[in-house]
Amino acid sequence: MTRARRRAGPALGAALLVVAPGCGLTSGSPMVDDVGPGSIGQGEPLKGAQLTVTSKEFTEQLILGAIMGIAWEAAGAEVLDRTGIQGSIGAREAVKTGQADGMYEYTGTAWITYLGNSEPIPDGRRQWEAVRDADRSNGLTWLPPAALNNTYALAMNQTNFKKYGTTTLSEVAQLSRTDPGAVTVCVESEFANRADGLRGMQKAYGMNLPAGNITQMDAGIIYTQTAKGTCTYGEVFTTDGRIKSMNLVVMRDDRKFFPIYNAAPEINTKALEKWPAIAEVLDPITRKLTNQVAQTLNAKVDVEGDDPHQVALDWLKTEGFVKGG
């Protein structure tokens with residue numbers, strides 16, 4: 001599973017979900033939102049369709065899964081909610097085998113974890129095109145991606161930012177050479193040992209952090225410890241709502257080391273052939289999904305404690321994509 005990954009947000013809205021040992025889905029719950037077309041779904045082009053939406057279990061995925069499912073509802077479909085599958089592979093396999101019809105997946109995850117490539121493609125569009133082309137033979141169609149890029153980063157609190165003033169990873173690397181004690185990092189154990197994590201980042205940027213400067217901890221604790229200044233830099237995900245709520249400063253990956261993880265609809269090809277309007281329903285929504293939007297929506301769940309499905313519904317209504325609800 002790529003990047004372990006992330007907070008396992010509360011699987012609200014995934015009631016009655018059971019994942020069988022072979023990653024198969026055995027149940028789900030119907031979506032019953034009272035929504036209709038707004039700027040998407042005019043004429044209800046999915047009327048008569050019975051579609052199943054899925055997602056992984058962490059907050060952002062629960063929100064994106066709900067967004068997809070509600071959009072389908074507004075376009076006239078009956079939708080079964082099978083969001084919140086533990087791990088990456090189970091959700092993808094559900095779409096691949098036709099047990100689910102679609103999900104939002106990440107290009108970097110597909111390219112590296114599922115398709116077995118070791119080197120990411122540093123251009124986002126080319127990364128998506130490579131994944132799209134490679135997955136055609138797997139019965140999966142990738143619709144155009146969002147700007148949303150949920151990748152790794154290092155971040156620091158405002159006090160340390162004022163003290164050290166770094167804004168890029170190259171500057172962090174320089175600081176590690178001129179003032180070795182200044183660069184302490186809090187990271188997950190997986191990130192600490194991955195080639196596309198801390199080990200690879202140090203190599204790419206010419207860092208050589210002593211073991212005593214690296215503290216491994218649970219992902220959720222990293223944000224609070226970074227905000228407190230326990231470590232100068234903490235491993236974060238670029239769309240996490242806690243970046244905004246804790247006023248953290250994210251270091252720019254100026255050498256483009258970290259893989260690109262643009263979110264894009266991954267649709268079962270047979271389902272798309274039967275219901276081609278799926279693409280036109282989702283495309284305007286996907287174009288609106290940015291890191292800033294994701295941070296705001298994720299924070300409503302992870303910081304404010306709101307329900308992911310309700311967060312998705314409120315955003316779709318606010319943006320005018322759907323009406324009612």
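Biologist: Which residue does a disulfide join to Cys186?

Modeller: Bear in mind that this is a predicted model: local features need pLDDT of at least 70, side-chain atom pairs count only at pLDDT 80 or more, and totals for chains, interfaces and linings use all residues. Residues are numbered from 1 along each chain as its sequence is written, and side-chain values use heavy atoms, leaving out hydrogens and water. Searching the whole structure turns up one disulfide, meaning a pair of cysteine sulfur atoms within 2.5 Å. With S to S at 1.9 Å, the bond joins Cys186 to Cys231.

Biologist: How many residues apart in sequence are the parts that the pair ties together?

Modeller: Helices (H or I, at least four residues) and strands (E, at least two) are DSSP runs, numbered from the N terminus. Cys186 lies in strand β8 (residues 185-187), and Cys231 is in the loop between α9 (219-228) and β10 (233-237). So the pair ties together parts whose separation in sequence is 45 residues.

Biologist: Let's look at β7. How many of its five residues are buried?

Modeller: Tyr152, Leu154 and Met156 point one way from β7, while Ala153 and Ala155 point the other way, and all are buried. β7 is therefore largely enclosed by the rest of the structure, the count of buried residues being five of the five.

Biologist: In β11, which residue is the bridge partner of Met156?

Modeller: β7 has antiparallel pairings with β10, over four bridges, and with strand β11 (residues 249-250), over two bridges. In β10, Tyr152 stands opposite Phe237. In β11, Met156 has as its bridge partner Val249.

Biologist: Which residue forms a tilted aromatic pair with Tyr152?

Modeller: Rings of Phe, Tyr and Trp (its six-membered ring) pair if their centres lie within 6.5 Å; planes under 30 degrees apart are stacked, over 60 edge-to-face and the rest tilted. The whole structure has seven aromatic pairs. For this one, the distance is 5.7 Å centre to centre, with 55° between the planes. The partner of Tyr152 is Phe258.

Biologist: How many residues apart are Tyr152 and Phe258?

Modeller: Tyr152 sits in strand β7 and Phe258 in the loop between β11 and β12 (263-268). Tyr152 is buried at 2% relative accessibility, and Phe258 is buried at 5%. The pair links distant parts of the chain, with a separation of 106 residues.

Biologist: Which residues are the closest to the centre of the largest pocket?

Modeller: On a 1 Å grid over the protein atoms alone, a pocket is an open set of points with protein on both sides within 12 Å along at least five of seven lines, and lining residues have an atom within 4 Å of a point. This one holds about 300 Å³ of space, the volume being the space filled by probe spheres set on the points, which are joined across faces, edges and corners. Strand β7 (residues 152-156) gives the most to the lining, with three residues. Of the 15 lining residues, the closest to the centre are Asn149, Thr151, Asp253, Lys256 and Ile260.

Biologist: What is the volume of space in the second largest pocket?

Modeller: Its lining includes Ile112, Glu119, Arg194, Asp196 and Phe257. The space there comes to about 190 Å³.

Note on methods
On a 1 Å grid over the protein atoms alone, a cavity is a set of points where a 1.4 Å probe fits but cannot get out, and a pocket is an open set with protein on both sides within 12 Å along at least five of seven lines; lining residues have an atom within 4 Å of a point. Buried means under 20% relative accessible area, exposed over 50%, partly exposed in between (1.4 Å probe, protein chains only). Two strands pair if DSSP finds at least two bridges between them.
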